[in-house]
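Here is a friendly walk through one protein model, written for someone who likes cut-offs stated alongside the values. Please keep the viewer open as you read.

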Amino acid sequence: MRPTQPLYRRLRRLALTTKQVNGGFYKGTGSGSMGRHTKHGDYVIEWHKVRTYIVPPQLKDFKLTPFVTRNMEPLKGKFERDKKGGLSGQRYLDRWKRENGVD
């Protein structure tokens, strides 16, 4: 049994999967590499591979609009009083004691 012609055309336009082609096909994410792995397990960024985006010098006269409005107020951080910010373990322990009531 074969699919009808209209259905067959629609099936051919779908993206390939690794099961539909021979071995060695790697789909990837399209992100590309920006560095390399060393023999010690580190990752070294190769700056000539890093993508840089050039912002137009006159953004006020630029015809395209940003995705976020320029009238938006800046958001304040949740950890303003804590020196370590969100990485403070003391903040987690204080909340745990407050919610559970057990030391």
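**Ground rules**

This is a predicted model, in which local features need pLDDT of at least 70 and side-chain atom pairs count only at pLDDT 80 or more, while totals for chains, interfaces and linings use all residues. Residues are numbered from 1 along each chain as its sequence is written, and side-chain values use heavy atoms, with hydrogens and water left out.

**The whole chain**

The protein chain contains two helices and two strands, arranged along the sequence as α-β-β-α. Here helices (H or I, at least four residues) and strands (E, at least two) are DSSP runs, numbered from the N terminus. Of its 103 residues, 4% count as buried; buried means under 20% relative accessible area, exposed over 50%, and partly exposed in between, with a 1.4 Å probe and protein chains only. The chain exposes about 11,300 Å², and carbon and sulfur atoms supply 56% of that area. Accessible areas come from the Shrake-Rupley method with a 1.4 Å probe, and for residues only the protein chains shown count as cover. Among contacts (heavy atoms within 4.5 Å) between residues at least 6 apart in sequence, 0% join residues at least 24 apart.

**Around the strands**

Ile45 belongs to strand E2, residues 43–45. Its C-alpha atom is separated by 4.2 Å from that of Gly35, 10 residues away along the chain. Leaving aside neighbours within four places in sequence, Ile45 is in contact with Met34, Gly35 and Val50. With 40% relative accessibility, Ile45 counts as partly exposed.

Glu46 sits in the loop between E2 and H2. Is Glu46 buried or exposed? Its relative accessible area is 17%, so Glu46 is buried. Not counting residues up to four places away in sequence, Glu46 touches Met34, Gly35 and Arg36.

**Salt bridges**

Side chains of opposite charge can pair when their charged atoms come close. A salt bridge here is a side-chain nitrogen of Lys or Arg within 4 Å of a carboxyl oxygen of Asp or Glu.

| Pair | Closest N and O distance |
|---|---|
| Arg36 and Glu46 | 2.9 Å |
| Glu46 and Lys49 | 3.4 Å |
| Arg95 and Glu99 | 2.8 Å |

Arg36 forms a salt bridge with Glu46. Arg36 lies in strand E1 (residues 35–37) and Glu46 in the loop between E2 and H2, so this pair ties together parts that are 10 residues apart in sequence. Arg36 is partly exposed at 43% relative accessibility, and Lys49 is partly exposed at 34%.

Arg95 and Glu99 are four residues apart in helix H2, so about one helical turn separates them. Salt bridges with shared partners join Arg36, Glu46 and Lys49 into one network. Arg95 is partly exposed at 49%, whereas Glu99 counts as exposed at 53%.

**Helix H2 and what follows**

The 12 residues of H2 should span 16 Å at 1.5 Å a residue, and its end C-alpha atoms are 16 Å apart, which agrees; the expected span is 1.5 Å times one less than the number of residues. H2 is followed by Gly101, whose phi is positive, near 70 degrees. Val102 is found in the segment after helix H2 (89–100), and at 48% relative accessibility Val102 counts as partly exposed. Together, Tyr92, Leu93, Trp96 and Val102 form a nonpolar surface patch with about 430 Å² of accessible area. Patches are made of residues with over 30% relative accessible area and no salt bridge: like charges are joined within 9 Å, and nonpolar side chains (Val, Leu, Ile, Met, Phe, Trp, Tyr) within 5 Å.
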